[in-house]
Amino acid sequence: MLNDPRSHGLWEKTAPPPPATVPLAGEVSADVVIVGGGYAGLSSALHLAEAGTRVVLLEANEIGFGGAGRNVGLINAGMWVMPDDLPGELGPVHGERLLEMLGGAPKLVMSLIEKHAIACELERNGTLHCAVGASGLKEIEERARQWSKRGAPVSVLDADETARRVGTSAYAGALLDMRAGTLQPLAYARGLAHAAVKAGVTIHTGSRVTETEKAGGRWVVRTDGGKVSADWIIVATDAYSTGPWEQVRNEQVHLPYFNFATVPLGDNLRKSVLPGREGAWDTKEVLSSFRMDQAGRLVIGSVGALRNTGYAIHRNWARRTLHKLFPQLGDVPFECEWYGKIGMTENALPRFHRFAPNVIGFSGYNGRGIAPGTVFGKTLADHILGRLSEADLPLPLTDPQEPGLRALKEVWYEAGAQAAHFVDARV
Ligand SMILES: Cc1cc2nc3c(=O)[nH]c(=O)nc-3n(C[C@H](O)[C@H](O)[C@H](O)COP(=O)(O)OP(=O)(O)OC[C@H]3O[C@@H](n4cnc5c(N)ncnc54)[C@H](O)[C@@H]3O)c2cc1C
């Protein structure tokens with residue numbers, strides 16, 4: 001076991017092992033050094049190495065230690081922001097470009113899984129965004145209208161069809177997005193790592209970057225055990241950023257999110273809850289998500305951290321919510337629990353930063369990082385390889401900016417989630 005089961009829960013329990021790696025020791029040279037072993041870093045590494053670039057990837061902890069090993073595993077197409085609002089947020093060029101790239105991003109994930117034979121429980125049956133009440137239905141209908149006019153394979157299911165697919169009559173309808181799917185998130189990260197190593201990447205885990213400096217026209221990054229000199233640095237540290245790129249973390253408001261996984265359900269119960277294995281989440285402000293893993297465990301998640309006073313409140317909520325939505329499950333025990341932090345930005349959109357010449361990175365996925373992280377990683381590789389100019393990137397270049405009242409907002413997210421779950425578990 002590589003990661004703490006309290007932070008990586010079911011995914012640590014069921015993921016195949018990562019490639020064997022050791023901490024960096026001594027001095028090495030590369031063309032590109034990548035900092036962070038999540039989807040963005042691993043995808044960049046793989047695509048660069050496939051083009052013959054010498055790559056060293058440094059990960060402070062283990063592959064998938066950050067969001068990549070803790071998330072729900074929904075391979076989403078697009079962001080939270082409504083499609084029609086993106087051009088307003090980013091301008092017409094970047095807005096439409098980002099929409100197109102993110103709309104096609106699940107396809108890239110699925111093709112990498114296929115190409116590299118990654119065993120990560122991939123399900124291609126789409127996702128269900130479940131509408132709570134009339135306002136939720138209005139929201140998904142509008143989202144479906146905006147994606148449909150761009151040719152996306154989305155449709156709105158009525159309440160009966162939603163009940164048949166989810167296994168509860170709690171929802172007024174659902175947006176089915178056939179571009180999307182689910183996977184075992186840590187297994188996907190580890191599979192990318194295996195593919196990257198096979199392509200020639202050197203990965204050092206337990207190697208936190210603590211400093212960078214310029215020497216002889218090249219970048220030098222240091223860890224406690226050694227240093228790497230390279231022409232480029234890719235910063236792929238996102239919400240778990242430490243070391244020289246604290247500004248990446250400071251630009252985000254961290255939203256805690258937890259998951260509980262039941263023991264594997266029996267055959268009959270599996271036929272009544274998400275029998276088609278779509279990933280699902282709802283339109284509530286403090287949202288809930290549901291999905292099955294390959295062995296038939298139901299994974300229920302929502303906003304909150306499993307620590308201190310929140311632990312009992314969120315656990316009680318998860319139990320009561322399962323009872324309310326799926327009474328047929330009875331008192332099915334939880335087998336695993338875990339939580340992590342989601343990096344939210346002020347406009348709910350990711351960022352592209354150049355921290356210094358040839359030091360670049362994307363961050364701020366707002367809980368939608370599997371497909372975007374993978375496609376942005378490839379984009380960084382294409383940029384470094386000279387295949388994509390900066391003007392053709394999916395996001396404009398911006399400077400990291402700390403949002404006002406960041407620390408207070410983080411306390412507020414957790415307090416708000418505890419209050420919502422405390423009330424929700426009692427009605
Ligand atoms: C609970 C939860 C649920 C989520 N659900 C979903 C979902 O269903 N679908 C979806 O698409 N997205 C989801 N996300 C978001 C998704 O997991 C992230 O957006 C994604 O992991 C970001 O990928 P990344 O490679 O940029 O960063 P990460 O996966 O966070 O990896 C960053 C890595 O950088 C390393 N690092 C940091 N500092 C240093 C340093 N100084 N030196 C070396 N290494 C360093 C960290 O240890 C970490 O391993 C969820 C996130 C969480 C936490």
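Tutor: Happy to! Let's start with a helix pair: helix 2 and helix 7 are roughly parallel to each other, because angles under 35 degrees count as such and their axes cross at roughly 25°. This is a predicted model, so please read every value here as computed from predicted coordinates. The axes of helix 2 and helix 7, the latter spanning residues 185-198, come within 9 Å, and their crossing is left-handed.

Now to the ligand itself. It is surrounded by 38 residues, and the closest of them are Tyr39, Glu59, Leu74, Gly369 and Ile370. Sorted by class, this shell has 16 nonpolar residues, 16 polar ones and six charged ones.

At Gly369, a backbone N or O atom lies 2.9 Å from an oxygen atom of the ligand. At Gly66, a backbone N or O atom is 3.3 Å from a ligand oxygen atom. A nitrogen atom of the ligand takes part as well, lying 3.2 Å from a polar backbone atom of Val72. As for solvent exposure, the ligand taken alone would expose 990 Å², and the protein buries 98% of that area.

Which elements give two or more residues to this shell? They are helix 2, covering residues 39-50, and strand 18, covering residues 334-344. Strand 18 provides the largest share, with three residues.

Helix 10 (residues 308-325) and helix 12 (residues 406-424) have axes that come within 9 Å and cross at roughly 40°. Helix 10 and helix 12 are therefore oblique to each other, and their crossing is left-handed.

Notes: Residues are numbered from 1 along each chain as its sequence is written. This is a predicted model: local features need pLDDT of at least 70, side-chain atom pairs count only at pLDDT 80 or more; totals for chains, interfaces and linings use all residues. Side-chain values use heavy atoms; hydrogens and water are left out. A residue is near a molecule or strand if one of its heavy atoms lies within 4 Å of it. A polar contact is a pair of N or O atoms within 3.5 Å; within protein, one must be able to donate a hydrogen and the other to accept it, and residues adjacent in sequence count only if both atoms are side-chain atoms. Accessible areas come from the Shrake-Rupley method with a 1.4 Å probe; for residues, only the protein chains shown count as cover. Helices (H or I, at least four residues) and strands (E, at least two) are DSSP runs, numbered from the N terminus. Ala, Val, Leu, Ile, Met, Phe, Trp, Tyr, Cys and Pro count as nonpolar, Asp, Glu, Lys and Arg as charged, and the others, Gly among them, as polar. Axes are lines fitted to C-alpha atoms, for helices over the stretch in contact, and angles run from 0 to 180 degrees between N-to-C directions. Angles under 35 degrees count as roughly parallel, over 145 as roughly antiparallel, 65 to 115 as roughly perpendicular and the rest as oblique. A crossing is left-handed if the near helix is turned anticlockwise from the far one by less than a right angle, and right-handed if clockwise.
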